Amino acid sequence: MAVTPEQAQGNTVRPLERLAVALLVALVGAVVTWDGTRQAGASAYFPIAVGSAMIVLSVMSIIRLGRDTRLTDEAPLFKGFAGLALLAVFIALAGQIGFLTASLAFIPAMAVLGGDRNAVRVVLGTAAFVVMAYVVFHLAFAQPFPAELILGG
């Protein structure tokens, strides 16, 4: 988001950086969507929805690209790449140790990367996400998760 010079805290973003990040996010979204199409039945809905959303939002970001370098309150580019690397690790871990267990590491890591230093908020937010994901998928949708390390699987 463009901000006034007083709000920018020295961050600038060039159009080429934004384009690179948007293309990488779209690529990750394409991989997630492709992986979702390999799932059977209702298990395919979530990855296809998330991957498609990543692609659509990336395209919207590319459409809104300007030509000028702007002051911004966005995180520096290296944090964007670090976030994508964390996402790749999360996806790899989710298949090995389970979605909920991997979320216990991924959510706090992304919060810290994003600049959140309030430990109580990070812990409570992570716990709330894991509990809500379990309740929604396991109890409401009657779709049990694959083996979870934290659930003894």
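**Helix packing in the predicted model**

Helix H1 (residues 15-37) and H3 pack with their axes 10 Å apart, at an angle of about 10°. At such an angle, H1 and H3 are therefore roughly parallel to each other. These values, like those that follow, come from a predicted model. On the H1 side, Glu17, Val21, Leu24, Val25, Val28 and Val32 take part, and they meet Leu77, Phe81, Leu84, Leu87 and Ile91 in H3. Sorted by class, the contact of H1 with H3 has 10 nonpolar residues, no polar residues and 1 charged residue.

The axes of helix H3 (residues 77-97) and H4 come within 8 Å and cross at roughly 170°. H3 and H4 are therefore roughly antiparallel to each other. H3 contributes Lys79, Ala82, Gly83, Leu86, Leu87, Phe90, Leu93, Ala94 and Ile97 to this contact, while H4 brings Phe99, Thr101, Ala102, Ser103, Phe106, Ala109, Met110 and Leu113. By class, the contact of H3 with H4 has 13 nonpolar, 3 polar and 1 charged residues.

Next comes the pairing of H4 with H5. Their axes come within 9 Å and cross at roughly 150°. With an angle over 145 degrees counting as roughly antiparallel, this crossing makes H4 roughly antiparallel to H5. The crossing of H4 past H5 is right-handed. Here Phe99, Leu100, Ser103, Leu104, Ile107, Pro108 and Ala111 of H4 meet Val122, Thr126, Phe129, Val130, Ala133 and Tyr134 of H5. This contact of H4 with H5 has 11 nonpolar and 2 polar residues by class, and no charged ones.

The loop between helix H4 (99-113) and helix H5 (119-140) holds Asp116. A polar atom of the Asp116 side chain lies 3.0 Å from the backbone nitrogen of Asn118. Beyond its neighbours within four places in sequence, Asp116 is in contact with Ala111, Arg121 and Val122.

Finally, the record can be set beside the model. An unreviewed UniProt entry annotates residues 19-37, 44-63, 83-107 and 119-141 as "transmembrane region". Among these spans, residues 44-63 are 95% helix and 0% strand in the model, with end C-alpha atoms 28 Å apart. Residues 119-141 are 96% helix and 0% strand, and their end C-alpha atoms lie 31 Å apart.

Key:
Residues numbered from 1 in each chain as written. Predicted model: local features only at pLDDT ≥ 70, side-chain atom pairs only at ≥ 80, totals over all residues. Heavy atoms only, no water. Helix = DSSP H or I, 4+ residues; strand = E, 2+ residues; numbered from the N terminus. Polar contact = N/O pair within 3.5 Å; in protein donor to acceptor, adjacent residues only side chain to side chain. Contact = heavy atoms within 4.5 Å. Axes fitted to C-alpha atoms, helices over the stretch in contact; angles between N-to-C directions. Parallel < 35°, antiparallel > 145°, perpendicular 65-115°, else oblique. Left-handed = near helix turned anticlockwise from the far one by under 90°. Nonpolar A, V, L, I, M, F, W, Y, C, P; charged D, E, K, R; others polar. UniProt positions renumbered as here; feature names shortened; annotations may be inferred.
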